[in-house]
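Keep the viewer open while you read.

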Amino acid sequence: MTRRTIVAGNWKLNKTIAETRRLIQLFRNRLAGIDTRATVLVCPPTVAIETAVDAAKGSAVGIGAQNVFWEPGGAFTGEVSVPMLEAAGVEFVLIGHSERRSIFGETDAEVNRKLKAVLGGDLTPIVCVGESLEEREAGRTEEVVRRQVETGLSEVAPDHAHRLVLAYEPVWAIGTGRTATPEMANEVHRLIRGRLVDMFGGRSADGISILYGGSVKAENAASLMAETDIDGVLVGGASLDAESFTEIVRSAP
Ligand code: PEP
């Protein structure tokens, strides 16, 4: 089965509404000049989502959210819901980014609640997993990633599996300039796919794109995406610059 290649940008807590409009305009102009079969999206901060959707209209740039809450509405101060994102024209949503986990204390069980809420609607979830430096050095990468996948994706109906996208982001490689080697990353991607096979069966698991994230730049994107089980990239810092993000899209197979 051919899996779709996805190049996603995570802007984190960067860019005002005006800056969002400018960056998307710059990026869509550059992107129009290249021939790619990759699915391309950016995840601006929540306050700029409406502007981003408007600025990307008619282009190949999809818009994602960086987070979502599992309840559709109610007394949940500060949160944003699946129906709200859908009504705003969002197509993708990150779930369980390591910064959500480490800074805001998000657990695997919460990741799972969010995922199930998203799968109840039409958004495409991008579920992030990955071990810390301490866990890698203690030889616990497999155990940690396995737990994140099993708990995060538990009770997902097999007929929803084709809508899943995963991102393997070793925490020690995010924003640090340290990238996993393509071989190192692919080894974990294969391990993740093995778990997906156990959970959803070979056919479904084979269709799930698994992205790599962690200091991806124009210089290393092609070699990462050349690996058998790396189906795209989730890019933080380098997605804030239209030229470098375009170069990353250009290097997608
Ligand atoms: C990320 O935010 O998901 C990320 C991988 O960041 P960076 O590319 O800056 O390491």
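This is a predicted model: local features need pLDDT of at least 70, side-chain atom pairs count only at pLDDT 80 or more; totals for chains, interfaces and linings use all residues.

1. Residues are numbered from 1 along each chain as its sequence is written, and side-chain values use heavy atoms, with hydrogens and water left out.

2. Who is around the ligand? There are 14 residues surrounding it, and the closest are Lys-12, Glu-169, Gly-175, Ser-215 and Gly-236 (a residue is near if one of its heavy atoms lies within 4 Å). By type, that shell has eight polar, four nonpolar and two charged residues (Gly counts as polar here).

3. Now look at the ligand's oxygen atoms. One is 2.9 Å from an N or O atom in the His-97 side chain, and for the side chain of Asn-10 the distance is 3.1 Å. Taken alone the ligand exposes 300 Å², and the protein buries 95% of that (Shrake-Rupley method, 1.4 Å probe).

4. Next, find Lys-114 in helix α5, residues 108-119 (helices are DSSP runs, H or I, of at least four residues). Is Lys-114 buried or exposed? Lys-114 counts as buried because its relative accessible area is 5% (buried means under 20%, exposed over 50%, with a 1.4 Å probe and protein chains only). Its side chain makes a polar contact of 2.8 Å with that of Asn-67 (a pair of N or O atoms within 3.5 Å, one able to donate a hydrogen and the other to accept it; residues adjacent in sequence count only if both atoms are side-chain atoms).

Note on methods: Helices (H or I, at least four residues) and strands (E, at least two) are DSSP runs, numbered from the N terminus.
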